[in-house]
Amino acid sequence: MTVLLQQILDGLTAGVLYAAIALSLVLVYRTSKLVNFAQGELATFGAFLTWQFHDWGLPLSVALPASVAVSFVAGALMERTLIRPLLESSNHLGLFIVCLGVLVTLLQVEAWIWGYQVKEMPNVAEGPPIALGPTMISRQNVVIIAACVLIAVALWFLFQRTRFGLAMRAASDNTPSANLLGLPVTATLTFSWGIAAVIGTLMASLVAPNQFLQPGMLLPVLLYSVAAATLGGLDSPVGAIVGGLVVGVVENLAGTYVPGIGQDFKQAVAFAIIMIVLLARPQGLFGSRTVVRV
Amino acid sequence: MNRILRAVHKPRPSLELPAWLSLTTGVIVLGCLLYAPLISAPYANTQRALVCVYAVVGLGLHLLTGMTGQISLGHGFFFALGAYVSAVLAGTAGWPYLLAIPVAAAVGWGVGFVFGLPALRLSPLSLSVVTLALALITPSLIKRFDDVTHGARGIALDIAAPPAWTGLDRDQWVFYICLAVTTLTGVMCRLLSRGRTGRAMRGLRDNEAVATTMGIRPSTTKSFVFATSTALAAVAGVLYTYVTQFVAADAFHLTLAIAFLTMVVVGGLGSLPGVILGAIFVVYMPSWTAEINESASGLMYGVALVAFMFLMPYGVAGLLRAVGGPLLQRREQRAGQQE
């Protein structure tokens with residue numbers, strides 16, 4: 001029983017990371033209607049920046065905000081320079097190829113600058129693990145969960161309680177009408193990409209001590225996050241969080257209890273989730289259904 | 001500069017070279033390809049054979065992406081499938097190595113068809129997600145079936161020895177096999193992309209709704225094209241084992257899928273000769289950049305993907321068309337004036 005509870009808790013902790021990356025995928029999808037496959041690698045790059053700032057002697061409390069700020073600019077710039085021109089000519093094949101190109105470029109730039117040697121990233125919270133009933137959770141994981149909750153609350157506030165958030169929702173809901181109303185549609189696009197990059201960098205920097213910081217650190221996570229976003233519905237932030245937690249728990253339990261899957265083969269679970277959801281319910285659990293008129 | 005960019009950005013029909021020109025070029029190129037291996041170093045022949053291996057995959061992707069407009073990143077999986085069919089049958093079980101080619105083609109076709117049945121009903125976006133997921137799990141799939149594939153340790157092979165009567169070395173013999181398969185595949189793709197099937201494919205790419213009302217069944221045509229392209233990827237996997245004589249799980253990472261995509265993008269989507277140019281780029285570029293840094297070749301793939309989408313969306317073939325088209329036109333005009 002304790003093992004089961006511990007596995008579920010571990011799954012939830014892993015799921016928080018999937019949820020966060022899925023959330024950035026959803027933010028981008030809502031505004032630009034594309035799945036940014038480079039999202040995970042952007043986050044890894046941000047984690048490398050945090051490590052680099054820390055290595056230059058800055059305390060983590062300065063290094064983390066600094067790299068978060070840099071990644072906001074980087075995400076916004078990527079949207080402005082690489083995505084916008086192709087989006088305007090609605091070249092979907094081109095967008096897909098450019099996202100993959102950015103993924104590979106970032107991966108190799110990381111390898112070029114920092115090499116494949118795993119970098120030692122300090123924990124934000126040190127100390128012995130905390131006991132939760134019969135289960136244990138490390139202090140760093142508590143921080144990670146707290147950060148994810150914070151992100152979710154901040155996004156909820158942004159979308160539901162601010163004028164700019166309202167404009168963002170309008171722009172993703174009905175772009176032509178939003179344009180006609182004089183809403184800053186292009187600004188919301190750029191802002192979404194920046195926020196997505198910020199979420200990635202923040203979470204990647206926090207999980208880097210556990211995940212072994214090296215190029216391609218979040219490639220496996222990208223798979224789970226795509227599964228999470230698909231399960232929750234690609235245009236639903238709530239769905240991304242629920243999907244991430246479900247995928248984390250299912251993947252962890254399947255790896256432990258289903259014979260023949262094991263720890264290495266858990267990725268196949270994510271693949272199966274993607275395939276089943278897309279076939280049985282393409283809009284996911286919380287996504288909005290698209291109807292095409294021919 | 002802007003004029004050049006505009007010229008390259010326009011979609012153009014493929015060049016209709018005069019018959020004598022394409023015939024002489026064909027004969028000269030084939031002659032060079034047949035003669036060159038006899039006088040070059042084994043390393044050069046191995047690289048040329050690799051160009052053929054990539055070209056076979058590229059021809060399949062040409063049918064799928066260029067002609068039918070479906071995206072797939074999952075062809076690395078089918079490439080690995082073919083490689084392991086060859087390694088297990090010809091290597092471990094000791095079958096004649098050439099037999100691996102038809103077996104791999106059949107297995108690749110069957111698995112591709114079964115995979116494509118559900119996958120091709122998805123929207124293009126979902127298909128790209130599913131095939132990316134397939135590419136990401138391929139290494140762990142191989143490691144899962146460790147007892148057959150020997151996972152990361154891999155299988156060392158000793159196959160494709162040249163028959164004694166030819167007096168050739170292995171690298172020369174392997175190159176000739178690869179060249180023969182590539183030529184056959186090229187001819188097959190050429191025939192497929194003309195005629196009824198070719199028109200059906202292009203119809204689906206350009207406007208699925210219109211194609212459907214013309215009596216084309218999207219699911220049948222797409223499944224057929226997908227299965228054909230995966231069969232070609234599997235055949236290329238077999239050729240790959242002839243060239244490298246070794247297979248291991250780590251050769252089939254996402255990088256391989258990216259290399260395939262880079263090949264099609266650099267060569268030019270929807271152009272058959274472009275595939276060969278793309279294959280040459282993908283094989284030779286790493287050996288040029290290896291001196292700078294070991295990450296440089298991967299970086300070049302990424303930069304090429306982005307740069308080509310912006311500067312030359314129709315690839316090198318598009319550039320050749322933009323340059324060659326007006327030249328051919330002028331020639332025809334002159335011929336018209338003389339009459």
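Student: Before we look at the interface, what is a salt bridge here?
Tutor: A salt bridge is a side-chain nitrogen of Lys or Arg within 4 Å of a carboxyl oxygen of Asp or Glu. Please keep in mind that this is a predicted model.

Student: How many salt bridges are there between chain A and chain B?
Tutor: The count between chain A and chain B is 0. Polar contact across this interface comes to 1 residue pair, with both residues at pLDDT 80 or more.

Student: And which elements of chain A touch chain B?
Tutor: Those giving two or more residues to that side are helix 3 (60-88), helix 4 (92-114), helix 9 (219-232) and helix 11 (267-280) of chain A. Helix 4 of chain A provides the largest share, with 15 residues.

Student: What classes of residue make up that side?
Tutor: The side of chain A that touches chain B has 31 nonpolar, 7 polar and 1 charged residues.

Student: How much area do the two chains bury?
Tutor: Chain A and chain B bury about 3,400 Å² between them, and 86% of that area is on carbon and sulfur atoms. Within the area that chain A buries against chain B, 18% is supplied by Ile97(A), Trp112(A) and Phe271(A), more than by any other three residues.

Student: How many residues does each chain bring to the contact?
Tutor: Chain A brings 39 residues and chain B brings 40 residues.

Student: What is the secondary structure of chain A?
Tutor: Chain A has 11 helices and 2 strands, in the order α-α-α-α-β-β-α-α-α-α-α-α-α along the sequence. Its radius of gyration is 19 Å, close to the 19 Å that the globule rule gives for 294 residues, so chain A is as compact as a globular protein of that length.

Student: What about chain B?
Tutor: Chain B has 15 helices and 2 strands. The radius of gyration of chain B is 21 Å, close to the 20 Å from the globule rule for 339 residues, so chain B too is as compact as a globular protein of that length. The C-alpha atoms of chain B fill a box of roughly 70 × 50 × 40 Å along the principal axes.

Student: Where does UniProt place the feature "transmembrane region" in chain A?
Tutor: The unreviewed UniProt entry places it at several spans, including residues 56-78 and 180-206 of chain A. Residues 56-78 of chain A are 83% helix and 0% strand, with end C-alpha atoms 26 Å apart. For residues 180-206 of chain A, the span is 85% helix and 0% strand, and the end C-alpha atoms lie 41 Å apart.

Key. Residues are numbered from 1 along each chain as its sequence is written. Chains are lettered from A and ligands numbered from 1 in the order in which they are written. Side-chain values use heavy atoms; hydrogens and water are left out. Contact means heavy atoms within 4.5 Å. Buried area is the accessible area (1.4 Å probe) that two parts lose on being put together, summed over both. A polar contact is a pair of N or O atoms within 3.5 Å; within protein, one must be able to donate a hydrogen and the other to accept it, and residues adjacent in sequence count only if both atoms are side-chain atoms. Helices (H or I, at least four residues) and strands (E, at least two) are DSSP runs, numbered from the N terminus. Ala, Val, Leu, Ile, Met, Phe, Trp, Tyr, Cys and Pro count as nonpolar, Asp, Glu, Lys and Arg as charged, and the others, Gly among them, as polar. UniProt positions are given in the numbering used here, feature names are shortened, and annotations may be inferred rather than shown by experiment. The radius of gyration is taken over C-alpha atoms; the globule rule is 2.2 Å times the number of residues to the power 0.38.
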